[in-house]
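Have the model open while you read, and start with me at a charged pair.

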Amino acid sequence: MPFFGELFVSEILKKPVLDPKGEELGRVKDLIVVKGEPFPMVSALIIDKKKKGFHLPWRDLNIFNKRIISSNIYGQDLLAYEFSEEDLLIARDIFDKQIVDANGAKVVRVNDVKLEGFESEAILVAIDVGMRGIMRRLGVERGGEDFMRIFRRDIPFNLISWNYLQPLGPKLSTISLTVPRQMVSELHPADIADIISQVSRREGVTFVKGLDVETAADALSELETDVQAAIITRMSAEKAADILEEMPPDEAADVLSDLPAEKAKEILENIEKDEAEDIQELLSHEEDTAGGLMTNVYIAYPPDTTVRRAIDLFKKDAEDVDTVYYIYIVDEKEKLVGVVSLRELLLASLDTKLSDIMHSKLKTVTPDVDEGEVSAIISKYNLVALPVIDHEGFMLGIVAVDDIVDRILPPAAKRKRRTV
Amino acid sequence: MNLWRKIVLFVSVMGPGIITANIDNDASGITTYSVAGARFGYALLWTLIPTTIALVVIQEMVARMGTVTGKGLSDLIRENYGVKSTFYMMTVLFIANFGTTVANFAGWAASMEILGLSKYLMVPLGALVIWILVIKGSYRAVERILLFACLLYFGYVFSGFMSKPEWKEVFHRTFIPEMHLNSEFIMLSIAIVGTTITPWMQFYLQSSIAEKGIKKDQYKASRLDVLIGCSITDIVSFFIIVTCATTLFPFGIRIHEASEAALALKPLAGEYAFLIFAVSLANAALLGAIIVPLATSYYICEAMGWERGVNKTFREAPQFMWIYTVMIVFAALVILIPKAPLIFLMVLSSVLNGMLLPFVLIYALSLVNNKKIMGEYVNPRMHNIISWGTVGVLTVLTLFFIISFLIPAGGFYG
């Protein structure tokens, strides 16, 4: 079993492999990788002789470095190798593919793979994503160094450690580590959305499926609706339902409204009943009206609640609510009668009732009001949220300022795949 | 599916094919068609039919790849053919597209000159505006305006009608091929093919389709989009040739540039035809000057795995920004150098584009026939025969094209 320091895979491709007598067995064609602890490792070399592939197990190698590769066995003992889609090959399946660098939060392309000796195994420690990797593959790394020396510059190494990599294809996922997945979950959802928007939809789906539902929901919220729809339609209804349940109902409704009717129905059937009802209610409104923009998750208490009680309730309820700056006051018939701001609530003496401190003249809209008018009202009265009521005064939901901002400003903050 | 749903589906998918086709009629395209019409009258009209067929065959394939894989062409080439092929292809693509950018800036300069504006003012201004548009990431809106302005191209259709051609003769010569053993004639017919089917367009179309996220089951609608786009391109080409052939050819007016066509049309076809030609040329040139450098930077960075995107800074995406900047700045500079070898540069660009095309097509064809990538969407047998035939003919033609450039005119065919 060979011991070696480190090398790049492109340095040994097409290199001759010798038998114990120094005769050439063939040339290195590819390397088979299997899952290892902690890193994936090389299980065998595929060598190529007269256009035929042979399988040379790692344990049969004697010397393995970039100058010489030799084995313990002779040509007649080699097993023929049939290229199979089951195996994971470095040159075929890892080289030139895109992969996610969870540390730098970006999509990179594999130019080369670095191997290192570790307890007599060859493990995959890093990928090369830099100019050096490209030059090495082109066979001009030395020339490039000499050239840059003229300008007294070095070509930097640009390696990304394997434990930061999150694969995009199902195949590479079989040897991925768990570390990058955690790192991806810790990224800002906008960064994850950026990654999704840079890869093909199919890869995007694989990537999203690999995230935990909460992260997936956050990241999806950052994407353009057509990208959201493209990703969701390519998932199973159950998985899609899990993710949508994590989103605020208004955003889930937005996503669903962009899907084909059958798919949307199928997903809705998989969503928890309460949540599904909320979403369905929102779905019945036109997209560019107050009804389409509103969310039905808000804080509302009866008028005779004391401030003390309201603060206690608030501490519990606010966790699942996005817009918490207004406490709406609704009577026993769910009619909206007033509003108290969070500041007013906190400053009021604990034993007063909400009905004593509430403002009863408040701005409202009906669900069919156009988004332009909604934004005009929000802007004119400097509101954080605007309640939506039906014609009889029953509270239906609220339009939050952040929902309307996305509609009236160019969607610079949303990620969409942009190639050209 | 009822008709109404079919229409709705088509509208949601349409775009990439039609847009690509419009960009295809860039400054060099308009030039070639005008020159062809003025020099040989209706004699070259028939070449548009085989050209359209070839264009449809190729773009359909590319569109199918974009739909099935959701990836760009440079992406697929890199993933399946490795660094070496990709690197050389991207290098040639860069040089060829630089030439195309120069050609578009030249078109911009010429159209400004005939509209009475100095190129020494308008070229730097144009370059600066284009550069800022992308740096600020607001080029999308402008692109839409320019694409909308492509409706101007229908002006060519009007000017074609207004020139009152002999329709009987026009159709006769459109459908019955004729050959003249004349080096200029052969050169121009090849140039028509070459300017209509370009390498970078294939990259552009596939990326736009992938970007739009068109799904496999919408593919039929997407094919219609491509078909309509290709037809529009060549209908516009047809009318440019007809206009110049009817007005300029009988008077023996020889032109070398589209702007000359505009000027020559002024006394013969009136102010209106002049304006159509001048403004359309300016529009096409500007659109080309925005899209070609931008698309080139995208494909190169995509293939090499560099950070890319118009919303990135120079520090985040240095290669992307520099490729784009260098192309625009140098293309503009070349135009401003007095006595710059413009013709030589454009010829060089056409030769490189010509050399690149067979490779791009061969890669595209082998990718589209790869079951691992395309699954059940590989080329059917009949389609393959047509495609390989098209690629074969195009390869032979481009070989002629290159040889005829390398051997001085007249020396080859006598």
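1. Begin with B:K71 and A:E203, which form a salt bridge with their closest N and O atoms 3.1 Å apart. (By salt bridge I mean a side-chain nitrogen of Lys or Arg within 4 Å of a carboxyl oxygen of Asp or Glu.) This pair crosses between chains: B:K71 sits in the loop between α4 (48-69) and α5 of chain B, and A:E203 in helix α8 (residues 201-210) of chain A. Helices (H or I, at least four residues) and strands (E, at least two) are DSSP runs, numbered from the N terminus.

2. Are these two partners buried or exposed? B:K71 has a relative accessible area of 11%, so it is buried, and A:E203, at 11% relative accessibility, counts as buried too. The cut-offs are under 20% relative accessible area for buried, over 50% for exposed and partly exposed in between, with a 1.4 Å probe and protein chains only.

3. A word on ground rules. This is a predicted model, where local features need pLDDT of at least 70 and side-chain atom pairs count only at pLDDT 80 or more, while totals for chains, interfaces and linings use all residues. Residues are numbered from 1 along each chain as its sequence is written, chains are lettered from A and ligands numbered from 1 in the order in which they are written, and side-chain values use heavy atoms, leaving out hydrogens and water.

4. Another pair to look at is B:E79 with A:R109, a salt bridge whose closest N and O atoms are 3.4 Å apart. B:E79 lies in helix α5 (residues 73-114) of chain B and A:R109 in strand β11 (residues 106-109) of chain A, so this pair also joins two chains. B:E79 is buried at 10% relative accessible area, and A:R109 is buried at 0%.

5. How much do the chains bury between them? Chain B and chain A bury about 2900 Å², 46% of it on carbon and sulfur atoms; that is the accessible area (1.4 Å probe) that two parts lose on being put together, summed over both. The contact (heavy atoms within 4.5 Å) takes 34 residues from chain B and 25 residues from chain A.

6. Within chain B, B:R173 and B:E178 form a salt bridge at 2.9 Å between the closest N and O atoms, and both are buried. Over in chain A, salt bridges that share partners link A:D112, A:D128, A:R132, A:R136, A:E141 and A:E145 into one network.

7. On to the nonpolar core, meaning buried Ala, Val, Leu, Ile, Met, Phe, Trp, Tyr and Cys residues joined through side-chain atoms within 4.5 Å. The largest one has 131 residues, and B:F105, B:Y156, B:F203 and B:F277 touch the most other members. Helix α14 (residues 271-304) of chain B supplies the largest share, 23 residues. A second, separate core of 58 residues includes A:A193, A:L244, A:A252 and A:I267.

8. B:T47 is buried, with a relative accessible area of 5%. Setting aside neighbours within four places in sequence, B:T47 is in contact with B:S189 and B:I192. B:T47 and B:I176 are 129 residues apart in sequence but 9.7 Å apart in space, C-alpha to C-alpha.
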